[in-house]
Amino acid sequence: MAELIQRAADILATSKSAVVLTGAGISVESGIPPFRGKGGLWEKIDPMRYAHINAFLNDPATVWKVLIKEMKQALDRARPNAGHMGLVELERLGILKTVITQNVDGLHQMAGNKDVIEFHGNFARLRCLDCSRHIEMAKVSLAKLPPRCRCGGILRPCCIFFGELIPHRALIRSQQASADCDVMLVIGTSAEVQPAATMPFIAKDNGAFIIEINPEPTPLTASISNLPVMGRAGTIVPRLVEEVRRRLAQV
Ligand code: NAD
Ligand code: ZN
């Protein structure tokens, strides 16, 4: 493990344009359960029944009750962990240029990263299905579900459900950042959700070195990862950043 971190630090310390792709795993140590894997939300609820856009449009009250309210409770309590903070330091050191995140929890921004692409949107903002007005989740009463806009329309979170398209600008910017990077860190994603999972392939096709941090193997591990580091983000990322800092101090 220590040797893998040393090798990853050697690569990162000479990087000019690193990009990170994060998934739900980086926020697990902040208390937010992932969707897949052990302890994941899908062990409790069926995604197609509650996380598809058609499920929401057919029965918004139930999706609010079963999925959105449950996620909100976890997200409200969550604060950035050592993994998020390590990525802020990597940006401050001038190595990390962009964070592409599949997460909707806003923790990268809360930690202090400046350039964050929210690939699947943000959970803390709501949008009216009728008039498109935006409103913060925190300002809405959830006493009666689904919550409604002042125009009477139903409010939905500004993150995407299964069956919806990726916000255009986020998709284009992510593809560009992936094509332009020399190193891609892939942290805490099962790499099973498309099209997010294509970003490491775009990076690799354009010559990037792929460093993966995850306690479990993923479809990338045996295929395109140059350096899989098996471990938790909150442990590995700070150690990696410390090693990068040490190398930068030597030159
Ligand atoms: P996923 O739930 O499919 O997979 C989570 C991955 O994280 C797994 O590979 C798991 O092994 C790994 N993991 C678990 N603990 C970890 C740790 N401590 N450190 C590093 N890795 C760890 O997540 P996904 O690939 O991001 O796809 C699920 C989709 O669900 C995302 O697109 C996202 O929009 C959404 N989601 C977001 C949040 C959030 O915002 N925090 C939470 C759940 C789901
Ligand atoms: Zn409205």
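Let's begin with helix 7, where Ala 170, Leu 171, Ser 174, Ala 177 and Ser 178 are buried (under 20% relative accessible area, with exposed meaning over 50% and partly exposed in between, for a 1.4 Å probe and protein chains only). Seen down the helix axis, these buried residues fall within an arc of 135°, so they line one face of helix 7; the arc is taken from the directions from the axis to the C-beta atoms.

This is a predicted model, in which local features need pLDDT of at least 70 and side-chain atom pairs count only at pLDDT 80 or more, while totals for chains, interfaces and linings use all residues. Residues are numbered from 1 along each chain as its sequence is written, chains are lettered from A and ligands numbered from 1 in the order in which they are written, and side-chain values use heavy atoms, leaving out hydrogens and water.

**Helix 7**
- The buried residues of helix 7 pack against strand 1, strand 2 (96-101), strand 3 (116-118), strand 7 and helix 8 (199-205), where contact means heavy atoms within 4.5 Å.
- Helices (H or I, at least four residues) and strands (E, at least two) are DSSP runs, numbered from the N terminus.

**Helix 1**
- Ile 5, Ala 8, Ala 9, Leu 12 and Ala 13 are buried in helix 1.
- Viewed down the axis of helix 1, its buried residues fall within an arc of 125°, so they too line one face.
- The cover over them includes strand 1 (18-22), helix 5 (82-92) and helix 9 (233-250).

**Strand 1**
- Five of the five residues of strand 1 are buried, so the strand is largely enclosed by the rest of the structure.
- Ala 18, Val 20 and Thr 22 lie on one side, with Val 19 and Leu 21 on the other.
- Strand 1 pairs with strand 2 in the parallel sense over five bridges (pairing takes at least two DSSP bridges), and Val 19 stands opposite Thr 98 there.
- Five bridges also join strand 1 to strand 7, again running parallel, with Leu 185 as the bridge partner of Val 20.

- Cys 128 is buried at 2% relative accessible area, whereas Cys 131 is partly exposed at 39%.
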